[in-house]
Amino acid sequence: VICKGCNHANKIREAEGKLKFKCPFCRQHVQANDKADEMMMKRIEANDPAAMKQKGAQQYNKGDCSSAFEHLTKAAELGNVEAHYGLAGMYLNGDGVEKNEEKEIHHFEEAAIGGHPTARCSLGCKEGGNGRYDRAVKHWIIAAK
C-alpha cells in the first residue's frame, strides 16, 4: 500500500508514458482493457471486495446504476469501506435506487466506522443540518485526524 500522493505521482508518470499501466489487483503490466476486465472478473468470482467495488464504480461511471448497486452491495457485505461510501451516495442522490435517508446514514456510518474520513465529515454535516452541533463537531474532529 502506498500513500495517495505517491499513487497520484505514479498515475501522472503512467499518463506521460514513463511507467506502464499496472493492474490494481496483481500489479502486473496491462496491455489492453480487455485483459484488465478479464482479470477483474476473476477477482470478482473469487469474492474480492476491492474488485467488486472497482467494477461497481466503473458501472456507475458508465451510467449503469443497477449493476453498480449490485456490485457495491456485494463489496459492502464483504466489508469494503469505499463500497459503503458509494452506496451512501447512491441513496443520497437516488441514483438507481429510491432516496432513503435511513439507508444513506447507515452506509455513511459503516464507512465512517471503517475509517473513511469523507463519510465521517458527511455524518457531521447531517448532524449539523439536524441542529445537533455538538455531535457534528465530534464527527468533524474525528474526520480531521
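Is arginine 132 buried, partly exposed or exposed, and what is its relative accessible area? I began my notes with this residue, and I found that arginine 132 is partly exposed, its relative accessible area being 38%. I keep in mind throughout that I am reading a predicted model.

**Entry 1: the chain as a whole**

I looked up the secondary structure next, and the protein chain comes to eight helices and zero strands. Following the sequence from one end to the other, I read the pattern α-α-α-α-α-α-α-α. I also noted that the protein chain has 145 residues, of which 31% count as buried.

**Entry 2: the partner of arginine 132**

I returned to arginine 132 to see what its side chain meets, and I found a salt bridge with glutamate 127, at 2.4 Å from N to O. Glutamate 127 has a relative accessible area of 11% and is buried, because buried means under 20%.

**Entry 3: other salt bridges**

I looked up the count of salt bridges, and it comes to six. One of the pairs I examined is glutamate 70 with lysine 74, whose side chains meet at 3.6 Å, N to O. Both residues belong to helix 4, which covers residues 65–77, and they stand four residues apart, which is about one turn of the helix. Glutamate 70 is partly exposed at 42% relative accessibility, and lysine 74 is partly exposed at 39%.

I then turned to glutamate 101, which forms a salt bridge with lysine 126, their closest N and O atoms lying 3.5 Å apart. Since glutamate 101 is in helix 6 and lysine 126 is in helix 7, this pair ties together parts that are 25 residues apart in sequence. For glutamate 101 I noted a relative accessibility of 42%, which counts as partly exposed, and for lysine 126 a relative accessible area of 22%, which is also partly exposed. I recorded as well that Glu101, Glu104 and Lys126 are linked in a network of salt bridges.

**Entry 4: how the later helices pack**

Two packed helices are described by the angle between their axes and the distance between the axes.

Helix 5, residues 81–93, packs against helix 6, residues 101–113, at an angle of about 160 degrees, and their axes are 8 Å apart. Angles over 145 degrees count as roughly antiparallel, and helix 5 and helix 6 are therefore roughly antiparallel to each other. The crossing of helix 5 past helix 6 is left-handed.

For helix 6 and helix 7 I found an angle of about 135 degrees, with 8 Å between their axes. This angle makes helix 6 and helix 7 oblique to each other, and helix 6 passes helix 7 in a left-handed crossing.

Helix 7, residues 117–129, and helix 8 pack at about 165 degrees with their axes 7 Å apart, and they are therefore roughly antiparallel to each other. Here too I noted the handedness, and helix 7 passes helix 8 in a left-handed crossing.

I looked for nonpolar residues on the surface, and I found a patch formed by Val137, Trp140 and Ile141, with about 260 Å² of accessible area together. Valine 137 lies in helix 8, which runs over residues 133–144, and it is partly exposed, with a relative accessible area of 40%.

**Entry 5: two single residues**

I checked glutamate 110, which lies in helix 6 and is partly exposed at a relative accessible area of 33%. Glutamate 110 and alanine 76 are 34 residues apart in sequence, and I noted 9.0 Å between them in space, from C-alpha to C-alpha.

Last, I looked at asparagine 47, which has a positive phi of about 60 degrees although it is not a glycine. Asparagine 47 sits in the loop between helix 2 (33–45) and helix 3 (49–62), and at 48% relative accessibility it counts as partly exposed.

Methods: Residues are numbered from 1 along each chain as its sequence is written. This is a predicted model: local features need pLDDT of at least 70, side-chain atom pairs count only at pLDDT 80 or more; totals for chains, interfaces and linings use all residues. Side-chain values use heavy atoms; hydrogens and water are left out. Patches are made of residues with over 30% relative accessible area and no salt bridge: like charges are joined within 9 Å, nonpolar side chains (Val, Leu, Ile, Met, Phe, Trp, Tyr) within 5 Å. Accessible areas come from the Shrake-Rupley method with a 1.4 Å probe; for residues, only the protein chains shown count as cover. A salt bridge is a side-chain nitrogen of Lys or Arg within 4 Å of a carboxyl oxygen of Asp or Glu. Helices (H or I, at least four residues) and strands (E, at least two) are DSSP runs, numbered from the N terminus. Buried means under 20% relative accessible area, exposed over 50%, partly exposed in between (1.4 Å probe, protein chains only). Axes are lines fitted to C-alpha atoms, for helices over the stretch in contact, and angles run from 0 to 180 degrees between N-to-C directions. Angles under 35 degrees count as roughly parallel, over 145 as roughly antiparallel, 65 to 115 as roughly perpendicular and the rest as oblique. A crossing is left-handed if the near helix is turned anticlockwise from the far one by less than a right angle, and right-handed if clockwise.
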